[in-house]
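Reader: I'm new to reading protein models. Could you walk me through one spot and the pieces around it?

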Amino acid sequence: MNSPPVWKPSAEVGTACRLAAVVLLTLLVVKPLGSIPWLGPLAFTLAAGLQLYLPIWRMDYYHFQYDFLGLHFTHWRDDLRWVLVLCAITFPPFVLGHHFFMTEARALAAQFGFVEIIHLLPNHRFSPSIPSDITDWLDSIQWFTVMAATHLLGVALPEETFYRGYLQPRLEVLWPPKRRFFGALMGKAVFVTALLFALGHFLGEWNPLRLGPFFPALIFAWQRNKTGSIWGAILFHGACNILGEVLFSLYAPN
């Protein structure tokens, strides 16, 4: 059995930056393919797989265990507790803000003369539909199950494994966090990682609103540094996405 390479944290920083560039370039290429039947879903699956594969490849390269990426259950109770606390704190104002954004944002932009961004804003009304029979109920349950699994396993898991599990700790070697925020060390690396995370959502779509994930990324980073695990960030990330999908389905264009 070959001995593992010598672990040099400072050298891995450069590798992490190059891998981040690979991920962002991949997303830039993949995003325009999203509307193409078969090819779009396949391209997005490959992009998600890349974000999951690259950190695990580095872990295996050095013969490390999964705790290298924060994929351990040592503090699962703390992870779960903080997920519930964060959901209780953030979801109510998000629901209210989402309703305002969907129904009032375009009119407000027009009122203040921001004509350049009106086309980026929705003009929807609250129009929930309740399933009328067993077939509709089964279709709704299937939709929710597939959607929730997609966001948890196909979005949150690979993104958190790459950004918070692998990239953020590597950048913290370059910029060690020195200040505590509610018990977790936070520093420049957290903000740079969150910026790259947001950039990955913006590239290929070119919608400034897609830079919004920068802000929840700061919460995911806090969770990572608070418990040393990324499972809490995965669960909260997935829950945020699921809530967003459910809320979006309750509105219809005017």
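Predicted model: local features only at pLDDT ≥ 70, side-chain atom pairs only at ≥ 80, totals over all residues.

Reader: Is Ser229 buried or exposed?
Author: Check its relative accessible area, which comes out at 0%. Anything under 20% counts as buried, so Ser229 is buried.

Reader: Which side chain makes a polar contact with the side chain of Ser229?
Author: Start with what Ser229 touches, leaving out residues up to four places away in sequence: Gly70, His72, Asp79, Gln223 and Arg224. From that list, one side chain makes a polar contact with the Ser229 side chain, at 3.0 Å. The partner is Asp79.

Reader: How far apart are the end C-alpha atoms of H6, and what span should its 14 residues have?
Author: At 1.5 Å a residue, the helix should span 20 Å. The model agrees with that, because the end C-alpha atoms of H6 are 21 Å apart.

Reader: What do the buried residues of H2 pack against?
Author: Helix H2 covers residues 39–61, and its buried residues include Gly40, Ala43, Ala47 and Leu54. The buried residues of H2 pack against helix H1 (9–30) and helix H4 (134–174).

Notes:
Residues numbered from 1 in each chain as written. Heavy atoms only, no water. Helix = DSSP H or I, 4+ residues; strand = E, 2+ residues; numbered from the N terminus. Expected span 1.5 Å × (residues − 1). Buried < 20%, exposed > 50% of the residue type's maximum accessible area, 1.4 Å probe, protein only. Contact = heavy atoms within 4.5 Å. Polar contact = N/O pair within 3.5 Å; in protein donor to acceptor, adjacent residues only side chain to side chain.
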